[in-house]
Amino acid sequence: MAKTKAKAEKSRKRNFSKGFIKKQKMVIDGMIVEIGKNTLKFIRESKENDSRCPTTDGDVADAANNLQSEAIRISVASKNARRLQLLVSAEMTILTGDYGFCVGCSNEINEKRLTVVPWAIRCTPCQELYDRE
């Protein structure tokens, strides 16, 4: 049974336009590099902020502002880390030949959706169903 499923998955027909997968790989690679740059910037800024850590000696408003700014930067870094995981996963599916197929229904994900969300793992109907659950 496992061989039959694997064979069926490998025989799925792709309807993507010529060069689409190659283009998507380049886009994903670029996004991974950009997130890496942002992560390095975050680390540098965090080291700088450690030396300016708010104390009771300074203005309370400045200290609150510094803490709020740090919380925002941490939130962005967390989102970048999740996005990086999704992009690396998308890169792996390109390498295995599974890129662009929905994990929910196994149908091909619309090319326009993948252009906007290169790390998408579900077609729009399956994603909407997933989001409702």
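1. Start with the core. In this predicted model, the largest nonpolar core has 15 residues. Ile28, Tyr99 and Leu114 have the most contacts inside that core. Two helices, α2 (20-51) and α3 (60-96), each supply at least two of the core residues. As background, nonpolar side chains in soluble globular proteins tend to be buried together.

2. Leaving aside residues up to four places away in sequence, Tyr99 touches Arg14, Phe16, Phe20, Ile21, Gln24, Ile28, Ala90, Thr93, Ile94, Leu114 and Pro118.

3. Now the overall layout. You'll find five helices and zero strands in the chain, so along the sequence the pattern reads α-α-α-α-α. Of contacts between residues at least 6 apart in sequence, 65% join residues at least 24 apart. Buried residues account for 21% of the 133 in the chain.

4. Leu84, Val88, Met92 and Leu95 make a nonpolar surface patch of about 350 Å². Met92 sits in helix α3 and counts as partly exposed because its relative accessibility is 44%.

5. Look for Ser106 in the loop between α3 and α4 (111-116). Is Ser106 buried, exposed or partly exposed? Its relative accessibility is 34%, so Ser106 counts as partly exposed.

Technical notes: Residues numbered from 1 in each chain as written. Predicted model: local features only at pLDDT ≥ 70, side-chain atom pairs only at ≥ 80, totals over all residues. Heavy atoms only, no water. Core = buried A, V, L, I, M, F, W, Y, C linked by side-chain atoms within 4.5 Å. Buried < 20%, exposed > 50% of the residue type's maximum accessible area, 1.4 Å probe, protein only. Helix = DSSP H or I, 4+ residues; strand = E, 2+ residues; numbered from the N terminus. Contact = heavy atoms within 4.5 Å. Patch = residues over 30% accessible without salt bridge, like charges linked within 9 Å, V, L, I, M, F, W, Y side chains within 5 Å. Areas by Shrake-Rupley, 256 points an atom, 1.4 Å probe, with all protein chains shown as cover. Salt bridge = Lys/Arg side-chain N within 4 Å of Asp/Glu carboxyl O.
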